[in-house]
Amino acid sequence: MTDLLTTPEPEAGLAPASGARQVWRRLRARRSALAAAAVLGLLVLLALAAPLLAALEGQDPNTYHDALVDSARGGVPLGDFGGISAEHWLGVEPGTGRDMFVRLLYGARVSLLVALGATVVQVLIGLAVGLAAALGNRFVDSVFSHLTDVMVAMPLLVFAIALMAVVPADFPRPLLLVIAIGLLAWGPMARLVRGQTLSLKKLDYVSAARLTGGSSWRVARRELLPALAAPVITYAAILLPSNIVIEASMSFLGVGVKPPTPSWGQMLSTASTWFRADPAYVLLPALMLFVTTLAFTVLADGLRVALDPREASRLRVGRGGRESPKSRPGGTA
Amino acid sequence: MTLYFLRRALGAVAVVLVLSAVVYVTFYVAPGDPARLACGPRCNTEQIRQVREQLSLDDPLLTQYWHFLQGIFVGQDYSTGTSVLHCDAPCFGLSYQNNQQVTDMLVERLPATASLAVGAMAVWLSVGIGTGLMSALRRGGVTERVLTWLTLAGTATPVFISGLLMLMVFCAYLEWLPFPTYVPLTEDPEQWAWNMLLPWVALGLLESAKYARLTRSSTLETLAEDHIRTFRAYGVPERSLVVRHALRGALAPVIALTAADFGSIFGGAVLTEKMFGLPGIGQLLVDATQKIDLPVVVAVVVITGAAVVIANIVADVLYAVADRRVALR
Amino acid sequence: MTAGTASLVSVTDLSIAFPTGEGVVRAVDGLSFTLAPGGALGIVGESGSGKSTAAYALLGLHKGTGAAVSGSVTVAGHDVLAAGDAELRALRGGVAAMVFQDPLSSLDPYQAIGDQIAEVYRVHRKDASRRAARERATEVLDRVGIPDAARRARSRPHEFSGGMRQRALIAMALACEPRLLVADEPTTALDVTVQAQILDLLRDLRAETGMGLILVTHDLGVAAGTVDELLVMKDGRAVEHAPVRTVLDAPRETYTRDLLAAVPRVNVRRTTGVKRPSAEGPGGGVLLEADGLTRTFGSGRKAVTAVEDVSLTLRAGETVGVVGESGSGKTTLGRMLVRLLEPTGGALRYQGRDIGGLKDRELRAFRSELQMVFQDPVSSLNPRRSVGESIADPLRAAGRLGDAEIVARVRELLERVGLDPGAYHRYPHEFSGGQRQRVGIARALAPEPKLIVCDEPVSALDVTTQAQVVRLLGELQRDLGLALVFIAHDLAVVRQVSDRLVVMRNGRIVEEGDADSVYERPGHPYTQGLLAAVPLLEKAEAAA
């Protein structure tokens, strides 16, 4: 009632917290999120179809074309805009003459794969640690919470770079990146899961479920996990673009994927010596990386609103009924 | 209050100890043979054996770690066969590359990193909080939409993209600014500032996007609180509502984030340093990683970790002081 | 009521509508009333009746919120709906001041209370110096009964108790000597004894300053002793508007009569289920026995003992009411009785066996015997599962019945608590608060327990729904021979159901006994104070 100033609340007219259909409806109402989803869909398709498209163009990512670069001028591509032609749709790389179109596509594969893999690892570890801390006894909680604190405190990029110093050189790099990013950056996710679980645990329906006489695991599976889906998905969507940027950053610094595997970050790193002579070589990978992270960020933002954990929690801890259910009954605090 | 600080300080020491132990084990024990790395690629077995002895690598793990800690807190002596090299209190060992003391290398790199951190922070605080407040107060207008998209784009851009574009535009094409080369502040303050301008703006503007979003959402949240409604219902003008009643609560999370970011920038500004060729700690780390110079790598990681932990405590304390409702526990 | 030129407030054909995702919600619909200078009007109604929304319109608080407001509102000669920003600011606090429900969140947590009052004062008295404003703040704080006002003016809200904060909020309202005070549920968040003090204060201030009062409340008892006229609202419309005694003693409208009939009376003996099967009934022996039960939260110097040394015997088939103010430990006790919480001291014996220290796994055998009904009808049901599945939960966990049998049993239970058995597949948000509470009761009944602890089961419900749910609990208790522990802060509600009464304070039992004897001849001074503070509909001295 007191909230009528801002939002009227018809008593029983609230949408349920979950329900894929409601989420989809709310997401669809945001045009920016839809556009971002479309861009990402296209990108994933392009990345999946990279070998096919390369065959269509008649090029591959690693063949040098010395004839297409001006060796007299240090290897600047011949022709306009980095040597765009019917054979090379987006021109060629300065110095080597490798085909840009195909290298950008293969770069997308690396970027998406590493980011997705790392996100999965982060979600799994975050869920495991967060749930263990929230559901375990005081000792377990204290151990896991301190571990989480240490992980959150760790400057990710610094540690990830450092790790590259000690891993054998023949270890497959994309997998190493997935493991490194995933293993180092699960802290915030674990914190989120722990916090959400702790506040869910206080809800009466979880107490009611304990009274049914089912096992703790049964209560967790039926009452807690479904309610965690929305915040975890939202946060995973935020982690994805940040993982893309981390991968690109590490490749930019020369500690990511190794040549000749194409990577946007690595292209940008070499581009910093070419931007006067061949601006196209800077702009193309920069544009790809920017569009990808922006699309992911916009989509995550849309998802956050559609799955709004605050909206959901308002439903859960609710304020139905009379003006004020006595806010803090008894001395449970 | 005092008890709180004491407990937080103890907790911080514990976290840093755990961190250093983890780092020590990962870097000195897990991979290959540090002695071979320290000695260099042209060493024979006998020379490696000598190095191993010199670095006490045959001692039990716990003893090694103890020596490492000892080095940090009381200093350590290294025998180089003929003479004894004393390494003063915060001692992180000797570089594998040139036997230089790691602590000296770090101190040498500190000014560049600190210059970057302070300047960029000034940019991101002023721009970030400013735009955040503006978009919170101009809700529903064109200004808000434009700012929302700008900040979204800002959060999605890595610093090496914005940095590259700025170099291209301002240094290569317009030639308004020199290509940055680091000039120490003590040498020539004016040149220092001119050369740092681009790194400050590149890093600061990007970070400010994050701050604008946070400021906006926390200001809106505070403005929706009941006590704001009270003062509105008592005829207090909108401007004083924001300045006198909303701002203090709204800025609390911003302060917390600032402190944490300031700490992590000491190691985390690797990208900006590489982009603009600043001889900072981040650059040192990347070089050391490529040359597998373990003592330097370990030192940077431990110091950055400690900086973040300390900054986090400062943030918590500032947050608690700003927001009286958060009891210091 | 004639809208004479002399009236302080004149509302004509006021309608307020809010645009929402699903269309327009009409919160107030064609409301008209007037208030003479110095008069006191109570606006009463259940949730969703539009009473607060109407009150906010008196200060023009809907301006700029997207609400569509039509009709006319005049307060002390100001046309509120037509007023510009400057005129509205002068009106708010200067002519009409508002007191809100939750005094903690309604004050700025960062600033000293005196400074907040001084700020409001200086907004309206532009020429006042800082010092004069501070002095005024101290003066009004002193007036509302804050002891040592000059010093306490420097305290922040969290250093005040709930009642003191509400006094401070009233002091802020007084600062600029307004002609009208609008109080929106000013005592709803407070304990009953504090409520009585605040209501006394409001009465005194009215008599002293001659300002008009509009009191918005859901509690007819609160209005009865404080105002001269009552306006009963329902669904945004005025149902009845008359002098307070007329409405309470001879209501014209059916709705008002129903409302009055539903109000629980603390001074009337319970009429339903007076039969006490306790000792005589089959197996009517001791069911649950608490012996020196204690619960401490936290450890070391921060330790708080919520329940201390409570001994209580519950017999099969009896209803024990537990009353107490906030912080008395009644909820903690209730949660220990069903072993949602582990006692830190004392013993809890269920049919002779000590279950106080059992682990979760060992408790499973006893879970079906001891059940609970929770306070908040929203958070007590999982929003993601159909109500049928929520009720079926204990049956499925037990694993004794097949799927078809479970569904049949759930439908039976739904019918038993007065719901449509076809509601099995519907979700909690499709139900009203009262219906959700019925679902919660059905869930508690499902495993056929011997004892149900009801923790504030009706405190979140409107008074008519309250009466229905209380009646249902009484019937179930009688028909099924259940033992009930009924925990509530509302003494009147507890009286309607209890055989025995336990009064708690600061974690301890201060008085225990046969319900009627305790209500009629309270022995402990604390109980006497509690009972004296309950506002009565019958109070003769209501009108000033």
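## Annotated spans of chain C

Between the end C-alpha atoms of residues 288–531 of chain C the distance is 28 Å, and this span is 38% helix and 26% strand. The model is predicted. An unreviewed UniProt entry places the feature "domain: ABC transporter" at residues 9–260 and 288–531 of chain C.

## A mixed sheet in chain C

Chain C holds an open sheet of six strands, ordered β6-β7-β8-β3-β9-β10, with mixed pairing.

C:Ile43 has C:Leu231 of β9(C) as its bridge partner. Helix α6 (residues 162–174) of chain C packs on the sheet, where it touches β6 and β7 (180–184) of chain C. The direction of α6(C) makes about 170° with that of β6(C).

## The contact between chains B and C

On the chain C side, 24 residues are in contact with 14 residues of chain B. The elements α2 (85–91), β6 (96–99) and α3 (113–124) of chain C each supply at least two residues of this side. The largest share, four residues, comes from α3(C). By class, the side of chain C that touches chain B consists of twelve nonpolar, six polar and six charged residues.

## Chain B

Chain B contains 13 helices and two strands. Its C-alpha trace spans about 85 × 55 × 35 Å along the principal axes. Of its 329 residues, 43% count as buried. Among the contacts in chain B with a separation of 6 or more, 65% are between residues 24 or more positions apart.

The unreviewed UniProt entry gives the annotation "transmembrane region" to residues 9–30, 114–137, 149–172, 192–209, 249–272 and 292–321 of chain B. One of these spans, residues 114–137, is 100% helix and 0% strand, and its end C-alpha atoms lie 34 Å apart. Another, residues 292–321 of chain B, is 93% helix and 0% strand, with end C-alpha atoms 44 Å apart.

## Helix α9 of chain A and its surroundings

Helix α9 (residues 204–211) of chain A is mostly covered, with eight of its eight residues buried. These are A:Asp204, A:Tyr205, A:Val206, A:Ser207, A:Ala208, A:Ala209, A:Arg210 and A:Leu211. In chain A, the buried residues of α9(A) pack against α8 (187–201) and α10 (216–252). In chain C, they pack against α12 (360–367), β16 (370–373), α13 (387–398) and α15 (433–445). Just after α9(A), A:Gly213 takes a positive phi of about 90°.

## C:Ala397

C:Ala397 is placed in helix α13 of chain C. The residue counts as buried because 21 other C-beta atoms lie within 10 Å, and the cut-off for burial is 20 or more. Leaving out residues up to four places away in sequence, C:Ala397 touches A:Thr212, A:Gly213, A:Gly214 and A:Arg218.

C:Arg89 lies 308 residues from C:Ala397 along the chain, and the C-alpha atoms of the two are separated by 60 Å.

Key. Residues are numbered from 1 along each chain as its sequence is written. Chains are lettered from A and ligands numbered from 1 in the order in which they are written. This is a predicted model: local features need pLDDT of at least 70, side-chain atom pairs count only at pLDDT 80 or more; totals for chains, interfaces and linings use all residues. Two residues are in contact if their C-beta atoms, placed from the backbone, lie within 7 Å. Ala, Val, Leu, Ile, Met, Phe, Trp, Tyr, Cys and Pro count as nonpolar, Asp, Glu, Lys and Arg as charged, and the others, Gly among them, as polar. Two strands pair if DSSP finds at least two bridges between them. Axes are lines fitted to C-alpha atoms, for helices over the stretch in contact, and angles run from 0 to 180 degrees between N-to-C directions. UniProt positions are given in the numbering used here, feature names are shortened, and annotations may be inferred rather than shown by experiment. A residue is buried if 20 or more other C-beta atoms lie within 10 Å of its own, exposed if 12 or fewer, and partly exposed in between; C-beta atoms are placed from the backbone.
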